[in-house]
Amino acid sequence: MSPPPIVNTVNLVRIYQDGGVPVPAVRGVDLKVEAGEFVAIMGPSGSGKSTLVHMLGGLDARTSGEIWLDGSRVDTLSESAWALLRRRKIGFVFQFFNLVANMTVADNVELPALLAGASPREARERREYLLGELGLADRADAAPAQLAGGEQQRVALARALANRPSLLLADEPTGNLDSRNTRDVLRLLGEVHRDGQTIILVTHDARVASLADRVVSLLDGQIVDDGAVGPVRRRPRASAGDVVELRS
Amino acid sequence: MRLSLLALLAKEPAHGYELKQALEQIFGRAYPSPNIGQIYVTLGRLEKDGLVKAVDVEQSNRPNKKVYYLTAKGREALDAWADEPTEGPRVRDEFFMKLVLAPMTGVADRTALINRQRRHYLALMRDLNELAERTDRGDRVALLLIEGAMLHLQADLDWLERCQEDLP
């Protein structure tokens, strides 16, 4: 029997109440993500992207439908059961970084691994690797408040990966980064993905989305497209010359 | 290409093949490599317009080569080019025409058009990512050209999203 998908949603719906008026944010999403897949979720603002990944991480409650993670139903879990599940299985990168203010960068990154039962040595090695990949090795002893926005965002990514979670969820992980820092984040995402990390991320950054195996497009809370980023449909080429020519 | 050649000739007289090599060396892999035929055709037109002149230089064992140099009129054209702002991109996008017209005429469905175009842009972006990875870190001109192409592509995708939201 093949293993269950890491994520499986069945007719997932989220309706907010705005002064008594129901506002549907997610309207019947069926999404299956297999282990090791990298899925980018795109769509205009207000299309339900963030609401969807927040529900997958237990940070927002569904109105109806089902959410299954790794073969278990989770939409019926209590808050504390969700907290435990997140600690063990899910890494989350928010648009705003939610770092612990009175801990150093190093401790922020090591904490999730320690909570999940890693030895201090394992946690330290993993932290050193992740911060190094993100160009932050020399910021390990800083407090989050001493870092620029783009640095905090990369620390948040390192923290989310500290644990080698079954599922990495991210909401606009390059939203605050300039193009050089984006490149570091892209490289790290590509690397952990090649090592088998399952990733679902919301982005409107095409550089990030183009790394994904699959792009899911939302519009008005529904999936309007779901498919692989295929090869470019024209003759193969050896240099960027043609790219620049085409774009000019 | 006319003005790039004039600019190179303002630096020093050169023959066609030297101009090709100079363009390749300055712009690297990110620039469409000009073929030598195009360069000679362009030089011929510049000569006819009086912007460059050629002198034959004798070579031992080989046919004479033509060395081109800039005329006063050519210098004026180059100065005028340098003094003008360059035209920005114009929205004369073939995809947009298709997007507006195809559903009206029953040729294609708008959602299908948008989805196909989005996938195509993302595939192009993936190529650019890979190209940037393969490009030497020190090759700033090439990397900036690639980054420019990426930013244009991102704008195309953002615009696609706006079309998706606002077209009925």
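In chain A, Arg62(A), Glu66(A), Arg73(A) and Asp75(A) are joined in a network of salt bridges, a salt bridge being a side-chain nitrogen of Lys or Arg within 4 Å of a carboxyl oxygen of Asp or Glu. The model is a predicted one, in which local features need pLDDT of at least 70 and side-chain atom pairs count only at pLDDT 80 or more, while totals for chains, interfaces and linings use all residues. Residues are numbered from 1 along each chain as its sequence is written, chains are lettered from A and ligands numbered from 1 in the order in which they are written, and side-chain values use heavy atoms, with hydrogens and water left out.

Another pair in chain A is Lys89(A) and Asp70(A), whose side chains meet in a salt bridge at 3.1 Å, N to O. This pair links distant parts of the chain, with Lys89(A) in helix H2 (residues 79-89) and Asp70(A) in the loop between strand S4 (64-69) and strand S5 (72-73), 19 residues apart. Helices (H or I, at least four residues) and strands (E, at least two) are DSSP runs, numbered from the N terminus. In chain B, the side chains of Arg2(B) and Asp49(B) meet in a salt bridge at 3.2 Å, N to O. Arg2(B) lies in helix H1 (residues 2-11) of chain B and Asp49(B) in the loop between helix H3 (36-48) and strand S1 (52-59), so this pair ties together parts that are 47 residues apart in sequence. Over all chains, a search of the whole structure finds 21 salt bridges.

We can now turn to the place where the two chains meet. The contact, meaning heavy atoms within 4.5 Å, takes 38 residues from chain A and 35 residues from chain B. Together the chains bury about 2900 Å², 55% of it on carbon and sulfur atoms, where buried area is the accessible area (1.4 Å probe) that two parts lose on being put together, summed over both. Between chain A and chain B there are 2 salt bridges, and Arg119(B) and Asp225(A) meet through their side chains in a salt bridge at 2.7 Å, N to O. On the side of chain A that touches chain B, at least two residues each come from helix H6 (179-194), helix H7 (206-209), strand S9 (214-219), strand S10 (222-228) and helix H8 (241-247).

Finally, the backbone of chain A deserves a look. Glu172(A), in the loop between strand S7 (167-171) and H6 of chain A, has a phi near 50 degrees, a positive value in a residue other than glycine, and Glu172(A) is buried, with a relative accessible area of 8%. Asp220(A), in the loop between S9 and S10 of chain A, also has a positive phi of about 50 degrees although it is not a glycine.

Key:
Buried < 20%, exposed > 50% of the residue type's maximum accessible area, 1.4 Å probe, protein only.
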